[in-house]
Amino acid sequence: MIENPSCPVCDGHSWRELGRQSYAKGETGLPDGVAQRYRILFETWAPGTERFVARYVLCAGCGLVIYAPRPTAEEVAAKYAALGGASSTTVHNPTVTTTDRTRSAELFAAVADRVAGRAVRVLDFGGGTGSLMVRFVEAGLQCSVVDYAPETIAGVEKLATTIAEVPAERRFDLVIASHVLEHVTDPVAVVRELAGRLSRQGTLYVELPLELAGRIPRRREPLTHINFFAEPSTRALLERAGLVVDACWTEAVTHAGGTYSLSVRAIAHAPSDDGEASAIATAWPDAAREVEALIRMPLAGRIAFGLQHPKLLVNPLRRVVRR
Ligand SMILES: [Zn+2]
């Protein structure tokens, strides 16, 4: 693990500590999935320790929140290797649930004006079985996924396991990275790679969980998410990767579990000429202050924030009726 990491978005070294969370090796009564991740944490990431303390830190340069010590790319790869076979990526004969349909319709609505009336090739990067594409398939679009999942739903082509394996000539009018970039050690490199697969005037859609509204991330285990974005840091990520941000907003979105949770959604494109390219921001002087204000929202601010996202109030009902 890296004790003093540089910022994976802006390369900065100026961090402000927000708080700590500690995980004890001997903790009992954990759900299976959490216990499995604890084993990887104490056997592979931090062997020989009895307690792992995650220091949550805010980047002064771009507003990204991570924790330190930070896992290396090799440690994250070792985590996936250890989890392989135990996760949902081995689903056979994948089906589409009601929740999948809802999530797909919400995503389709978010990008509808980008795909309307055009023959669109869509790539869902890290899209599992392709279930998030069901609405796009019904709209007659050509849908592909890049993922470790061996099988996809009807109408979705599994193109490759990693983006590097996708044939060089393949281009896409819409590339989706939904709930992917919070897991990777080098999100800028991943966005650049995806941007390189866009057709002329192609669109990149990014969605990330917002875990910073009125709090620092409270994760049950530190292995699953390693980057914590808000709107300013999402913009910085896309701009750092050389893209023009068309829109970036926060919305209550249906989560895989069936309830609404807050997500940051963004739409970007590759610059069409030098003028557009030179207008892309290379510094984000207000980002850290904005993210810190979000995290440290007072109660009145949280109430106002909640009123802006009334769908969150539906969650108690959704917990009852979800499937
Ligand atoms: Zn940064």
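The dialogue below takes up the helix packing and the sheet of this predicted model.

Student: What should I keep in mind about the model and its numbering?
Tutor: This is a predicted model, in which local features need pLDDT of at least 70, side-chain atom pairs count only at pLDDT 80 or more, and totals for chains, interfaces and linings use all residues. Residues are numbered from 1 along each chain as its sequence is written.

Student: Why are α1 and α2 called oblique to each other?
Tutor: Angles run from 0 to 180 degrees between N-to-C directions, and axes are lines fitted to C-alpha atoms, for helices over the stretch in contact. Under 35 degrees counts as roughly parallel, over 145 as roughly antiparallel, 65 to 115 as roughly perpendicular, and the rest as oblique. Helix α1 (residues 32-45) and helix α2 (residues 73-83) pack at about 135°, with axes 11 Å apart, and are therefore oblique.

Student: Which residues make the contact of α1 with α2, and how do they divide by class?
Tutor: Ile40, Thr44 and Trp45 of α1 meet Glu75, Ala78, Lys79 and Ala82 of α2, a contact meaning that C-beta atoms, placed from the backbone, lie within 7 Å. These residues divide into 4 nonpolar, 1 polar and 2 charged, given that Ala, Val, Leu, Ile, Met, Phe, Trp, Tyr, Cys and Pro count as nonpolar, Asp, Glu, Lys and Arg as charged, and the others, Gly among them, as polar.

Student: Why are α5 and α6 oblique to each other?
Tutor: The axes of helix α5 (residues 187-195) and helix α6 (residues 231-240) come within 8 Å and cross at roughly 55°, and the two helices are therefore oblique to each other. The contact is made by Pro187, Val188 and Val191 of α5 together with Leu237, Leu238 and Arg240 of α6, and by class it has 5 nonpolar, no polar and 1 charged residues.

Student: What makes β6 and β10 the edges of the sheet?
Tutor: The open sheet has 7 strands in the order β6-β5-β4-β7-β8-β11-β10, with mixed pairing, and two strands pair if DSSP finds at least two bridges between them. β6 (156-160) and β10 (244-254) each have a single partner strand, so one side of each is left without a neighbour in the sheet.

Student: How do you know that β10 and β11 pair?
Tutor: They share 10 bridges in the antiparallel sense, and Cys248 stands opposite Ala266 in β11. In their hairpin, which has 5 residues between the strands, Gly258 takes a positive phi near 105°.

Student: How many bridges join β8 to β11?
Tutor: Strand β8 (residues 198-209) is joined to strand β11 (residues 260-269) by 6 bridges, and the two run antiparallel; the bridge partner of Tyr205 in β11 is Ile267. Helix α3 (residues 98-115) packs on this sheet, touching β7 (172-178), β8, β10 and β11, and its direction makes about 155° with that of β10.

Notes
Helix = DSSP H or I, 4+ residues; strand = E, 2+ residues; numbered from the N terminus. Contact = placed C-beta atoms within 7 Å.
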